[in-house]
Amino acid sequence: MNFKGASILSVDQFERADLQQIFDVATEMEVYANHQKLTRVLEGAVLGNLFFEPSTRSRVSFGAAFNRLGGEVRDTTGFTFSSMAKGESIHDTSRVISGYVDCLVVRHPEEGAVQQFADATNIPVINGGDGPGEHPTQALLDLYTVAKEHGKNLDEIDGLSIAMIGDLKHGRTVHSLTKLLALFDNISFTFVAPDELRMPDGILERARSRDHNITETEDMIEGIKDVDVIYMTRIQEERFSAPEEFAKYRGKYSLNRATYEQHCRENTAIMHPLPRDSRPGANELDNDLNGHPKLAIFRQTDNGIPIRMALFAMVMDVADKVHDTARDAIWYRPESIDTN
Ligand code: NCD
């Protein structure tokens with residue numbers, strides 16, 4: 001695809017060659033993401049970071065990625081303090097903000113809403129999650145993480161086995177990741193979910209149409225045996241209309257160190273888009289796994305920076321100029337930020 005000026009709304013836009021291009025640029029971004037060097041290639045550019053749903057890592061990492069390229073960021077959070085609370089349409093909000101900024105990131109509770117933002121402007125719009133729809137940048141950073149954790153090039157992703165566990169109906173990250181992985185060959189997908197929270201048929205069809213191996217089960221232990229990657233997800237509380245409905249599934253799946261060590265292969269990587277629900281009764285990914293060498297969740301969040309930097313650099317058409325303004329970073333930063 002032609003990235004210059006493009007909006008990134010769905011993983012459907014990508015072919016395998018595009019993924020390679022994004023990952024090549026992301027690899028170039030690592031020295032900036034790792035705080036060794038700094039670049040000013042987006043100096044003067046402004047990002048509008050509009051989040052109408054709760055977020056910590058996506059909002060901050062989009063902003064930090066733009067900052068690390070030398071650009072500035074203007075954030076809004078929630079509906080309450082935005083003009084949408086006064087009845088403003090998506091069209092008007094998008095057009096107005098586009099006059100102030102050079103690129104938009106939008107998260108919105110309704111599927112398709114980010115597309116509407118993009119329809120109302122010619123500046124690039126990046127989907128930061130649209131309700132239960134998609135989360136394309138998360139899928140990219142997830143795939144980047146899978147490749148790095150297993151020391152694989154993109155071509156070697158063919159043949160991968162992955163168990164996705166939890167709320168597969170409402171989880172936009174697993175929707176996008178499944179579609180992205182379906183671009184490869186011979187993927188073994190094991191979808192572990194209660195019957196009511198199964199992966200939607202449209203996404204299953206996508207995987208089926210390309211002859212991947214698909215298993216659906218409610219049994220987590222069955223699902224986690226013999227896979228390269230476990231991708232745990234949170235039950236998406238905010239997508240249930242009745243609290244008692246949500247309560248039925250809360251805590252149904254929980255992976256801890258003992259379960260992992262008893263049932264998984266030694267090289268199975270453990271991933272989760274985060275946030276994990278660490279409250280008692282939920283705990284889908286137990287804290288006793290913290291510090292385990294195969295727990296990839298914080299490397300996964302770290303990977304959000306080079307991936308999002310790459311996308312910004314590509315849609316703003318400066319990917320080949322990033323190093324032109326490179327300097328060494330001179331501030332103190334500990335060698336490792338991990339305390340365990
Ligand atoms: C996810 C999301 O918002 O879809 N978080 C994220 O962006 N990393 C997952 C979730 O909320 O469960």
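**Exercises on a predicted model**

In this predicted model, R234 is in contact with D167, H272, P275, D277 and E284, leaving aside its neighbours within four places in sequence.

**Exercise 1.** Determine where R234 is found and whether R234 is buried or exposed.

*Solution.* First, locate the residue: R234 is found in the loop between β9 (229–232) and α9 (243–249). Next, take its relative accessible area, which is 17%. Buried means under 20%, so R234 is buried. Finally, examine its side chain, which a polar contact of 2.8 Å joins to the side chain of E238.

**Exercise 2.** Describe how helix α5 and helix α12 are arranged, and identify the residues through which they meet.

*Solution.* Two packed helices are described by the angle between their axes and the distance between the axes. For α5 (residues 136–149) and α12 (residues 304–315), the axes come within 9 Å and cross at roughly 125°. The class of α5 relative to α12 is therefore oblique. As to handedness, α5 passes α12 in a right-handed crossing. On the α5 side, the contact involves T137, Q138, L140, L141 and Y144; these meet G304, P306, I307, R308 and L311 of α12. Sorted by class, this contact has six nonpolar, three polar and one charged residues.

**Exercise 3.** State which residues S61 touches, not counting residues up to four places away in sequence, and whether S61 is buried or exposed.

*Solution.* S61 lies in helix α2 (residues 57–68). Its relative accessible area is 8%, so S61 is buried. Beyond the excluded sequence neighbours, S61 touches I305 and R308. R308 also belongs to the contact of α12 with α5.

Notes:
Residues are numbered from 1 along each chain as its sequence is written. This is a predicted model: local features need pLDDT of at least 70, side-chain atom pairs count only at pLDDT 80 or more; totals for chains, interfaces and linings use all residues. Side-chain values use heavy atoms; hydrogens and water are left out. Helices (H or I, at least four residues) and strands (E, at least two) are DSSP runs, numbered from the N terminus. Buried means under 20% relative accessible area, exposed over 50%, partly exposed in between (1.4 Å probe, protein chains only). A polar contact is a pair of N or O atoms within 3.5 Å; within protein, one must be able to donate a hydrogen and the other to accept it, and residues adjacent in sequence count only if both atoms are side-chain atoms. Contact means heavy atoms within 4.5 Å. Axes are lines fitted to C-alpha atoms, for helices over the stretch in contact, and angles run from 0 to 180 degrees between N-to-C directions. Angles under 35 degrees count as roughly parallel, over 145 as roughly antiparallel, 65 to 115 as roughly perpendicular and the rest as oblique. A crossing is left-handed if the near helix is turned anticlockwise from the far one by less than a right angle, and right-handed if clockwise. Ala, Val, Leu, Ile, Met, Phe, Trp, Tyr, Cys and Pro count as nonpolar, Asp, Glu, Lys and Arg as charged, and the others, Gly among them, as polar.
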